[in-house]
Amino acid sequence: MSISVLGRIARLWLRPAVERASRGAMSRRLSIRPPDGRARCCGSLSGGNQQKVALAKWLTWPPEVLVLSEPTRGMDVGAKEDVVKIVRGLRDQGLGVVVMSTEPETVLSLADRIVVMKKGADRARVRRRDGQQGPAAGGRMRTTHEDRQR
């Protein structure tokens with residue numbers, strides 16, 4: 001997890017204690033659960049936990065904007081819910097999040113605005129009404145007049 005921020009946690013020499021502390025904090029924050037409780041290799045983790053490790057790499061030193069491509073693809077329902085909850089939490093903390101996905105339920109559960117693309121062209125734009133939670137939570141999305149013009 002720490003390879004993406006190694007230059008920030010180790011100047012001249014590696015500092016294993018700092019690296020372990022960072023890894024442990026991020027594992028707890030994102031609920032990364034290795035099958036044996038002590039997995040050393042990401043390959044031994046489930047797909048959902050592998051995706052959480054990928055998120056943890058970039059969240060160890062938080063960016064201003066996080067761009068995610070297919071963040072829940074191929075995951076079981078529980079892992080998808082975990083990742084969506086993490087991304088929502090980041091969004092609610094003010095982090096900019098751009099999600100590209102072919103899974104409508106993922107897009108609908110995370111989006112404030114949706115841009116539908118086909119063959120590289122912007123085909124439709126949809127916005128969540130202010131205060132609504134989104135279609136997955138019973139809210140509604142709407143297409144604005146200016147969005148339909150595109």
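## Starting point: Ser109

Ser109 is found in helix H5, where helices (H or I, at least four residues) and strands (E, at least two) are DSSP runs numbered from the N terminus. The residue is buried, with a relative accessible area of 8%; here buried means under 20% relative accessible area, exposed means over 50%, and partly exposed lies in between (1.4 Å probe, protein chains only). The C-alpha atoms of Ser109 and Arg88 are separated by 8.6 Å, although the two residues are 21 apart along the chain.

A word on the model itself: it is predicted, so local features need pLDDT of at least 70 and side-chain atom pairs count only at pLDDT 80 or more, while totals for chains, interfaces and linings use all residues. Residues are numbered from 1 along each chain as its sequence is written, and side-chain values use heavy atoms, with hydrogens and water left out.

## Overall layout

Let's step back to the whole chain. The secondary structure comes to six helices and five strands. Along the sequence, these elements follow the pattern α-α-α-β-α-β-α-β-β-β-α. Of the 150 residues of the protein, 32% count as buried.

## The largest pocket

The largest pocket holds about 730 Å³ of space. On a 1 Å grid over the protein atoms alone, a pocket is an open set of points where a 1.4 Å probe fits, with protein on both sides within 12 Å along at least five of seven lines, and lining residues have an atom within 4 Å of a point. Grid points are joined across faces, edges and corners, and the volume is the space filled by probe spheres set on the points.

The largest pocket is lined by 24 residues, and the closest to its centre are Val99, Ala111, Arg113, Ile114 and Val115. Helix H4 (77-92), strand S2 (96-100), helix H5 (104-110) and strand S3 (113-118) each supply at least two residues of this lining. By type, the lining divides into 15 nonpolar, four polar and five charged residues. For this count, Ala, Val, Leu, Ile, Met, Phe, Trp, Tyr, Cys and Pro are nonpolar, Asp, Glu, Lys and Arg are charged, and the others, Gly among them, are polar.

## Salt bridges

A search of the whole structure finds five salt bridges, each being a side-chain nitrogen of Lys or Arg within 4 Å of a carboxyl oxygen of Asp or Glu. In general, side chains of opposite charge can pair when their charged atoms come close. One of the pairs is Asp82 with Lys52, whose closest N and O atoms are 3.0 Å apart. Asp82 lies in helix H4 and Lys52 in helix H3 (residues 47-59), so this pair ties together parts that are 30 residues apart in sequence. Asp82 is partly exposed at 22% relative accessible area, whereas Lys52 is buried at 2%.

Lys80 also forms a salt bridge, with Glu105, and here the closest N and O atoms are 3.9 Å apart. Because Lys80 lies in helix H4 and Glu105 in helix H5, the pair ties together parts that are 25 residues apart in sequence. Lys80 counts as buried at 19% relative accessibility, and Glu105 as partly exposed at 46%. Lys80, Glu103 and Glu105 are linked in a network of salt bridges. Arg91 and Asp92 meet through their side chains in a salt bridge as well (3.3 Å, N to O); Arg91 is partly exposed at 22% and Asp92 is exposed at 59%.

## A nonpolar surface patch

Val65, Val67, Val98 and Met100 make a nonpolar surface patch of about 340 Å². Strands S1 (65-69) and S2 are the elements that give two or more residues to the patch. Val67 lies in strand S1 and is exposed, with a relative accessible area of 53%.

Patches are made of residues with over 30% relative accessible area and no salt bridge, with nonpolar side chains (Val, Leu, Ile, Met, Phe, Trp, Tyr) joined within 5 Å and like charges within 9 Å. Accessible areas come from the Shrake-Rupley method with a 1.4 Å probe, and for residues only the protein chains shown count as cover.

## Two loop residues with positive phi

Glu70 lies in the loop between S1 and H4. Its phi is near 50 degrees, a positive value in a residue other than glycine, and Glu70 counts as buried at 16% relative accessibility.

Lys119 has its place in the loop between S3 and strand S4 (121-128). Phi of Lys119 is near 55 degrees, again a positive value in a residue other than glycine. Lys119 is exposed, with a relative accessible area of 82%.
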